[in-house]
Amino acid sequence: MSNQKVIVIGGGITGLTAAYYLQKEAREKGLSIDCSLLEASHRLGGKVQTVVRDGFVIERGPDSFLERKQSAARLAKEVGLGDKLVNNTAGKSYVLVNGKLHPMPGGSIMGIPTEVGPFITTGLFTPLGKLRAAMDFVLPRTAPGKDQSLGQFFRRRLGDEVVENLIEPLLSGIYAGDIDQLSLMSTFPQFYQVEQKYRSLIIGMKQTKPAKPKNAAQTKSPKGQFLTVTTGLQSFIDAIEEKLNPGSVYKGVKVDSIEKNEEQYLLRLSNGEEILADSVVVATPHHVTQAMLSQYPFLEPFKEMPSTSVATVAMAFPEDAIKRDIDGTGFVVSRNNDYIITACTWTHKKWPHSTPKGKVLLRCYVGKAGDEAIVDQSDEEIVNVVLDDLNKTMAINEKPDFSIITRWKDAMPQYTVGHKDRVEFAKKNVAEQLPGLFLAGASYEGLGLPDCIDQGEVAVDQVLQYLAKKAVTN
């Protein structure tokens, strides 16, 4: 029997995962599957990029992944990076409100209070704001089932102050979005589930909070909940690529269109070539996917799905350039400040391996939904704006040794209200009209590295089931 041909389109972490596990399954189970990966750019990894310079390890995109979502660490170990995985240092983090840094209240989970003491004593909220948040104890549950914005859900339960001074800076930072537009069911459905079960969000989060380890008090540097690779996340991408079959990766090759051709798919490429495939995994951003399959009206909603532009600004300094240091690993910025930056990580404290001794590495973020103009400014203008903002909270008396600015244009897909239904509608129609073609990636069911890896693994299962069924019927 001739080999069944599978094409994975898109060489970000989702597509890489799909290609890696498909080839592994074929090898280990002796399956007649030939799997190739096509990537339009000249490198793999998508937003995962690392600069190693003068002893610094600087991430241009994501800097880590959640340890409790185990698929990323598992894959890193599989490709030989287990000994290079390291947790972040769990230092103090802050919220910048009305020009002042406030420590994150102890016991808060994603901004939801679970301990009364820290919440009562914090200067983040007025007495009236605290009283309004206490209404959560008596308010009824949300009407079941219907999607709503994160902002609507949290404002109803905890009031505007808690939302604007704590929840919004934390949650919108993850998605670079507007929480009054972002979908509750597609971003944090667990909060809805907790509220439905316990009625009070505060009581529910307290009940479901994991217990502190008994020896936590004795630990000098408590481990954080994130993991990264000491050699940089780019080395994770490179390690996966090295495990792929020789000659199975094609870079600089764009797929212009995908057409159903009886029981196969015809892929027309930018170099004029055509490929026939038995199954296709499309792991590209939603607007690219829609353009490749523009003849199918059920993918039209992806044309309208917004994406936000952001930029990261990494700056290296000698230690003595920071005249007023802060005890912590970073801060997020509430929108009630006249600041351009949305967050700042003291990378040298959060990830000590990233910075040589005697040096400091600060990584700031600019750009958010509705305020993206800064991303188009020159490097010099961005650095000056960021330094101006930083000097409102800490004294930095010189220019950085060097800075690395990375612009991510239309790179953050926005899961607006109704997103889950739109994705389900698209995937249902794809299954019915395009059997053997599967959608996966950050545009659909989670932006983080583990979420994308999970989607890549699901796509592998779907491809294998489809090909096995096809082999039987033929």
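Colleague: Is the crossing of α2 and α10 left-handed or right-handed?

Modeller: Bear in mind that this is a predicted model. The axes of helix α2 (residues 71–78) and helix α10 (residues 233–243) come within 9 Å and cross at roughly 55 degrees. As for its hand, the crossing of α2 and α10 is left-handed.

Colleague: Are α2 and α10 roughly parallel, roughly perpendicular or oblique to each other?

Modeller: Their axes cross at roughly 55 degrees. Angles under 35 degrees count as roughly parallel, and those from 65 to 115 as roughly perpendicular.

Colleague: Which residues in α10 meet α2?

Modeller: By class, the contact of α2 with α10 has five nonpolar, no polar and two charged residues. On the α2 side, the residues are Ala72, Leu75, Ala76 and Glu78. In α10, their partners are Phe236, Ile240 and Lys243.

Colleague: How is α1 set against α2, oblique or roughly parallel?

Modeller: Helix α1 (residues 13–29) packs on α2 with the axes 13 Å apart. The angle is about 55 degrees, and roughly parallel would require an angle under 35 degrees. That makes α1, relative to α2, oblique.

Colleague: What is the hand of the crossing of α1 and α2, and which residues in α2 meet α1?

Modeller: The crossing of α1 and α2 is left-handed. From α1, the contact takes in Thr17, Tyr20, Tyr21 and Lys24. The contact of α1 with α2 divides into three nonpolar, one polar and three charged residues. The α2 residues in it are Arg74, Leu75 and Glu78.

Colleague: Which element gives the largest share of the lining of the largest cavity?

Modeller: The largest cavity holds about 110 Å³ of space. Of the 14 residues that line the largest cavity, Val57, Glu59, Asp63, Thr347 and Trp351 are the closest to its centre. Two or more lining residues come from each of β4 (56–59), β9 (223–229) and β18 (359–366). The largest share, three residues, comes from β4.

Colleague: How do the residues of the lining of the largest cavity divide by class?

Modeller: Val57 and Trp351, both in this lining, count as nonpolar, while Glu59 and Asp63 count as charged. Over the lining of the largest cavity, the division is six nonpolar, five polar and three charged.

Colleague: Which residues line the second largest cavity?

Modeller: About 30 Å³ of space lies in the second largest cavity. Both α12 (301–304) and α15 (419–433) supply at least two residues of its lining. By class, the lining has three nonpolar, one polar and one charged. The residues are Pro301, Phe302, Met305, His419 and Arg422.

Colleague: Which residues lie nearest the centre of the second largest pocket?

Modeller: The second largest pocket has about 210 Å³ of space. Its lining takes at least two residues from each of α3 (116–121), α4 (127–133) and α9 (201–208). Nine nonpolar, one polar and three charged residues make up the lining. Of the 13 lining residues, those nearest the centre are Glu115, Val116, Phe119, Phe137 and Ile202.

Key: Residues are numbered from 1 along each chain as its sequence is written. This is a predicted model: local features need pLDDT of at least 70, side-chain atom pairs count only at pLDDT 80 or more; totals for chains, interfaces and linings use all residues. Side-chain values use heavy atoms; hydrogens and water are left out. On a 1 Å grid over the protein atoms alone, a cavity is a set of points where a 1.4 Å probe fits but cannot get out, and a pocket is an open set with protein on both sides within 12 Å along at least five of seven lines; lining residues have an atom within 4 Å of a point. Grid points are joined across faces, edges and corners, and a volume is the space filled by probe spheres set on the points. Helices (H or I, at least four residues) and strands (E, at least two) are DSSP runs, numbered from the N terminus. Axes are lines fitted to C-alpha atoms, for helices over the stretch in contact, and angles run from 0 to 180 degrees between N-to-C directions. A crossing is left-handed if the near helix is turned anticlockwise from the far one by less than a right angle, and right-handed if clockwise. Contact means heavy atoms within 4.5 Å. Angles under 35 degrees count as roughly parallel, over 145 as roughly antiparallel, 65 to 115 as roughly perpendicular and the rest as oblique.
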